[in-house]
Amino acid sequence: MKKNLFRIIVANLFYLIVGAGSNLVLSKFTSIETYAAIKEYTLYLFTFYAILTLGYAYGVYLEYGGKELSKVSPQEIGRSLLTFIVFLLPVCSVIFIVGLVYHNVVITILGIGLLSWNFVSYYQMLFQAVGDFKEYGKALNISKVLTFILNLFFIFVLRTDNPILYVGIIPLIDIVVAVYMTYQVNKKLPIVRHMRFDFSCIKKYIKNGFVLMLGEFATRSFSSIDRWFVNVL
């Protein structure tokens with residue numbers, strides 16, 4: 001128990017440190033326009049990623065909480081994962097097309113990012129639920145570290161200030177991490193061969209996770225309001 005708690009603390013602390021370092025470097029060495037585009041993208045992403053899925057990933061967390069991954073049916077994981085991706089595709093496609101129509105690069109990339117980030121979030125919820133905190137730490141931090149490294153590369157090697165590059169790498173890295181996580185899970189459970197779309201998964205996981213999603217969203221909203229008042233006062 002203490003070991004798992006330590007892993008959670010270390011993973012989240014590392015996440016915060018890398019995030020703070022990344023923000024510091026970006027704010028200092030990129031233009032206001034580029035930095036604003038990055039912050040706009042992350043604001044949209046973290047505000048809407050859970051709402052648009054109606055709590056599906058939270059339902060996965062509740063479904064497998066307390067179970068061991070090795071004892072979970074690979075058919076269940078395969079069906080829930082592919083169903084989640086298919087469920088996200090229509091709304092992500094609409095956002096992507098709206099961005100293209102209105103020539104808004106941030107919204108266009110967001111259409112891809114909402115899909116890729118929720119893909120990674122699925123594994124974060126799954127690993128937390130089954131108590132695999134080593135893999136949870138990887139799912140939480142690999143994207144952050146790779147993004148930070150590429151940002152440094154863009155700034156100090158390529159010396160570019162193109163906002164498309166800085167924003168565009170975020171969903172691309174998430175896709176790579178999601179594929180890697182799928183590979184890692186598939187080594188323990190053969191989920192890939194059992195990937196099927198199952199409409200009953202949508203009903204079950206949304207029904208279970210919707211209330212939890214609302215609670216977390218409300219908590220984040222109140223936290224943001226508190227920070228706003230502090231800044232104003």
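Helices (H or I, at least four residues) and strands (E, at least two) are DSSP runs, numbered from the N terminus. By that assignment, Ser73 sits in the loop between H3 and H4.

Two notes on conventions come before the tour. This is a predicted model, in which local features need pLDDT of at least 70 and side-chain atom pairs count only at pLDDT 80 or more, while totals for chains, interfaces and linings use all residues. Residues are numbered from 1 along each chain as its sequence is written, and side-chain values use heavy atoms, with hydrogens and water left out.

**Stop 1: the whole chain**

Select the chain and colour by secondary structure. There are eight helices and zero strands, and from the N terminus on the order reads α-α-α-α-α-α-α-α. The radius of gyration, 18 Å, is close to the 17 Å that the globule rule gives for 233 residues, so the chain is as compact as a globular protein of that length. That radius is taken over C-alpha atoms, and the rule is 2.2 Å times the number of residues to the power 0.38.

Drawn along the principal axes, a box around the C-alpha atoms is roughly 50 × 45 × 40 Å. The accessible surface comes to about 12800 Å², with 70% belonging to carbon and sulfur atoms; such areas come from the Shrake-Rupley method with a 1.4 Å probe, and for residues only the protein chains shown count as cover.

Of the 233 residues, 40% count as buried. Buried means under 20% relative accessible area, exposed over 50%, and partly exposed in between (1.4 Å probe, protein chains only). Contact means heavy atoms within 4.5 Å. Among contacts between residues at least 6 apart in sequence, 81% join residues at least 24 apart.

**Stop 2: Ser73**

Return to Ser73 in the H3–H4 loop. Ser73 counts as partly exposed, at 24% relative accessibility.

**Stop 3: Asn141 in H6**

Select Asn141, which is placed in helix H6 (residues 133–158). Is Asn141 buried or exposed? Its relative accessible area is 8%, so Asn141 is buried. Show its surroundings: not counting residues up to four places away in sequence, Asn141 touches Ala11, Phe14 and Tyr15. Tyr41 is 100 residues away along the chain from Asn141, and their C-alpha atoms are separated by 19 Å.

**Stop 4: two residues in H8**

Go to helix H8 (residues 199–232) and select Ile202. Ile202 counts as buried, with 10% relative accessibility. Which residues is Ile202 in contact with, leaving aside its neighbours within four places in sequence? They are Tyr56, Thr83, Phe87 and Phe197. Between Ile202 and Phe87, 115 residues apart along the chain, the C-alpha separation is 7.7 Å.

Now select Val211, also placed in helix H8. Val211 counts as exposed, at 61% relative accessibility. Val18 is 193 residues from Val211 in sequence and 31 Å from it in space, C-alpha to C-alpha.

**Stop 5: two positive phi angles**

Most residues other than glycine have a negative phi, and most peptide bonds are trans. Select His103, in the loop between helix H4 (74–101) and H5. Its phi is near 55°, a positive value in a residue other than glycine. His103 is exposed, at 72% relative accessibility.

Then select Arg159, in the loop between H6 and helix H7 (163–188). Phi of Arg159 is near 50°, again positive in a residue other than glycine. Arg159 is exposed, with a relative accessible area of 69%.

**Stop 6: the second largest cavity**

By class, the lining has five nonpolar, two polar and no charged residues. Here Ala, Val, Leu, Ile, Met, Phe, Trp, Tyr, Cys and Pro count as nonpolar, Asp, Glu, Lys and Arg as charged, and the others, Gly among them, as polar.
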